[in-house]
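Dear colleague,

I am passing on the structure below, together with some notes on what came out of going through it. Please read the notes with the coordinates open beside them.

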Amino acid sequence: MAASTSIPITILIVDDNQHMRGILKELLRAAGVNDIKEASDPVEAFEYMKASAIDLLLVDLAMPLIDGVEFTKMIRTSEDSPNPFLPIIMITGHSERSRVNAARDAGVNEFLVKPVTAKSLMERLTLIVNKPRNFVKSKLYFGPDRRRRPDPNYGGSERRKDLQTKI
């Protein structure tokens, strides 16, 4: 009998929609992830993260009380954050540029638009593992480098090296 391949990471899914959490769990299980935790809201998730180690977070954008953007900001900047460097994939059906930018500016690593497919989810997971971005800290931002590639034509006074503190 062949041994099944298992990916040894713990993923926490934070979504107020139980059906969506179930879909994401099944996609992750099919990919070989067996240690999957769930939370129906950011408060529950934050408490879980304080008690247990999490390797990656999948978080919905639109949730009542605290949305995914605010939750990401809490993880990145709160003094009691259990892991400000936690890789975060934001999942949403709202793909307007303003929402993508808000998620990026909050510190998400990747953005995934619904409907989620196994392929799109695995692409984001692969990016986080194979092409991790350095974290930067400036007066107004802490999180993964928001720029995916250098812009050789940018000549402003605030070059990347001036804003960035490698952590």
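Is threonine 10 buried or exposed? In this predicted model, threonine 10 has a relative accessible area of 11%, and because that value lies under the 20% cut-off, the residue counts as buried. Threonine 10 belongs to strand E1, which covers residues 7-14, and once its neighbours within four places in sequence are set aside, it is in contact with Asp35, Lys37, Ala53, Ile54, Asp55 and Leu56.

As for the sheet, its five strands form an open arrangement in the order E2-E1-E3-E4-E5, with parallel pairing. The edges are taken by strand E2 (33-39) and strand E5 (110-113), each of which pairs on one side only, and the twist from one strand to the next averages 20 degrees.

Helix H1 (residues 18-30) lies across E1, E2, strand E3 (56-60) and E4, and runs at about 165 degrees to E2. Helix H2 (residues 42-51), for its part, lies across E1 and E2, and its direction makes an angle of about 145 degrees with E1.

Terms used:
Residues are numbered from 1 along each chain as its sequence is written. This is a predicted model: local features need pLDDT of at least 70, side-chain atom pairs count only at pLDDT 80 or more; totals for chains, interfaces and linings use all residues. Side-chain values use heavy atoms; hydrogens and water are left out. Helices (H or I, at least four residues) and strands (E, at least two) are DSSP runs, numbered from the N terminus. Buried means under 20% relative accessible area, exposed over 50%, partly exposed in between (1.4 Å probe, protein chains only). Contact means heavy atoms within 4.5 Å. Two strands pair if DSSP finds at least two bridges between them. Axes are lines fitted to C-alpha atoms, for helices over the stretch in contact, and angles run from 0 to 180 degrees between N-to-C directions.
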